[in-house]
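This report covers strand pairing, the ligand shell and helix packing in one model. Please read it beside the sequence and the structure.

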Amino acid sequence: MKIFLTGANGLLGTAMVRELARHDAYSLVATDRAEVDITNADATHKAIVDARPDWVINCAAFTRVDDCETNEALACDVNGEGAGNLAAAAAHVGAGLVHISTDYIFDGTATSPIPVDTIPGSPEQLSTYGRSKLLGEQRVRSNHPSPTIVRTAWLYGHDGPCFPNAITRLATEGKLRKVVHDQRGSPTFANDLADGIIRLIHAKGTGNVHLVNDGQCTWFEFANEILRLAGIDCPIEPCTTAEFPRPAKRPAYSVLDLSRYESLTTHRPRSWQAAIAAYFDAAT
Ligand SMILES: NC(=O)c1ccc[n+]([C@@H]2O[C@H](COP(=O)([O-])OP(=O)(O)OC[C@H]3O[C@@H](n4cnc5c(N)ncnc54)[C@H](OP(=O)(O)O)[C@@H]3O)[C@@H](O)[C@H]2O)c1
């Protein structure tokens with residue numbers, strides 16, 4: 001089976017390349033912006049037509065959430081129209097499409113795990129990044145007959161900047177004191193997300209799918225677990241989002257319900273605690 005991957009040098013894309021290489025069944029065309037800029041519809045179409053893949057996996061995105069606030073046009077171009085270009089090209093060659101989306105399309109007011117058919121937040125409730133990713137979902141659905149839209153959250157891994165390496169670096173530098181304790185979500189290891197995406201392709205699962213590590217915590221609780229596993233003695237205090245203002249709004253609650261993923265794949269992702277332990281095991 002031939003897979004065409006975008007965003008191959010990113011946090012998820014790199015893990016995706018590694019996970020796919022563990023399976024003999026797949027041949028891979030891995031691309032990043034230098035090879036295929038997804039905002040260029042003609043170049044994207046040509047690359048897909050030349051490769052003739054069975055599946056396209058879109059890991060390309062403009063992901064710097066706070067920078068999106070001052071770069072709305074670029075965010076919508078990459079996360080919205082770019083995703084649509086890729087979907088149209090995949091549909092043209094009859095390929096399946098896995099498009100990666102985010103918990104940031106929700107308004108954060110839920111109080112229990114969010115099912116796949118939940119109505120997204122209204123534009124004024126979302127960050128610019130969230131709006132641009134929601135536009136991407138809409139473009140993907142318009143341009144492809146049966147896309148797989150995988151929403152994930154709180155992603156970390158070995159191949160890019162992420163919360164665990166920021167926490168360990170700040171603690172080591174003596175600069176970590178307070179961590180936000182009023183946002184709740186599911187930390188997700190990029191390796192586990194990549195494994196889940198392969199399971200979805202294997203199951204030919206389409207539609208909206210939520211895929212995160214199992215369980216939930218706040219950033220403060222996640223930071224404490226990171227410090228414990230890293231063996232760093234650095235007492236931290238819980239704080240509110242209001243005490244730590246950022247340009248982009250973050251959802252207060254973004255725990256995603258896994259039941260559709262489980263019914264498609266008969267697999268339940270491991271707990272976030274097991275996943276962060278595996279992240280540290282793999283790093284040593
Ligand atoms: N990180 C998270 O916490 C998180 C949470 C929920 C969902 N997600 C979603 O998960 C997916 C993967 O995220 P990630 O964290 O792996 O992102 P990432 O590390 O920022 O990687 C994104 C990749 O996309 C590439 N890219 C940017 N613009 C492009 C363009 N116009 N054409 C082709 N490639 C382009 C980037 O290349 P350059 O480096 O050259 O720009 C980069 O390699 C994204 O859809 C993201 O929205 C992420």
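## Strand pairing

Strand E3 (residues 55-58) runs parallel to E4, and the two are joined over four bridges. Asn-58 stands opposite His-99 in E4. Strands pair here if DSSP finds at least two bridges between them; helices (H or I, at least four residues) and strands (E, at least two) are DSSP runs, numbered from the N terminus. This is a predicted model, in which local features need pLDDT of at least 70 and side-chain atom pairs count only at pLDDT 80 or more, while totals for chains, interfaces and linings use all residues. Residues are numbered from 1 along each chain as its sequence is written.

E3 and E4 belong to an open sheet of six strands with parallel pairing, in the order E2-E1-E3-E4-E5-E10. Strand E2 (27-30) and strand E10 (207-210) are the edges, each pairing on one side only. From one strand to the next the twist averages 20°.

## Ligand shell

The ligand is surrounded by 27 residues, and the closest are Gly-7, Gly-10, Leu-12, Ala-60 and Leu-155. A residue counts as near if its C-beta atom, placed from the backbone, lies within 6 Å of the molecule. Helix H1 (11-21), helix H4 (72-92) and strand E4 (96-102) each supply at least two residues of this shell; H1 gives the most, with three residues.

By class, the shell has twelve nonpolar, eleven polar and four charged residues. Ala, Val, Leu, Ile, Met, Phe, Trp, Tyr, Cys and Pro count as nonpolar, Asp, Glu, Lys and Arg as charged, and the others, Gly among them, as polar.

## Helix packing

Helix H6 (residues 163-172) packs with H8 at an angle of about 65°, the axes being 10 Å apart. Axes are lines fitted to C-alpha atoms, for helices over the stretch in contact, and angles run from 0 to 180 degrees between N-to-C directions. H6 and H8 are therefore roughly perpendicular to each other (65 to 115 degrees; under 35 is roughly parallel, over 145 roughly antiparallel, the rest oblique). Phe-163, Pro-164, Ile-167, Thr-168 and Ala-171 of H6 make the contact with Phe-222, Ala-223, Ile-226, Leu-227 and Ala-230 of H8, where contact requires C-beta atoms, placed from the backbone, to lie within 7 Å. This contact has nine nonpolar, one polar and no charged residues.

The axes of helix H8 (residues 219-230) and helix H10 (residues 272-283) come within 10 Å and cross at roughly 40°, so H8 and H10 are oblique to each other. Glu-225, Ile-226, Leu-229 and Ala-230 in H8 meet Gln-273, Ile-276, Ala-277 and Phe-280 in H10. Here the classes are six nonpolar, one polar and one charged.

Key. Two residues are in contact if their C-beta atoms, placed from the backbone, lie within 7 Å.
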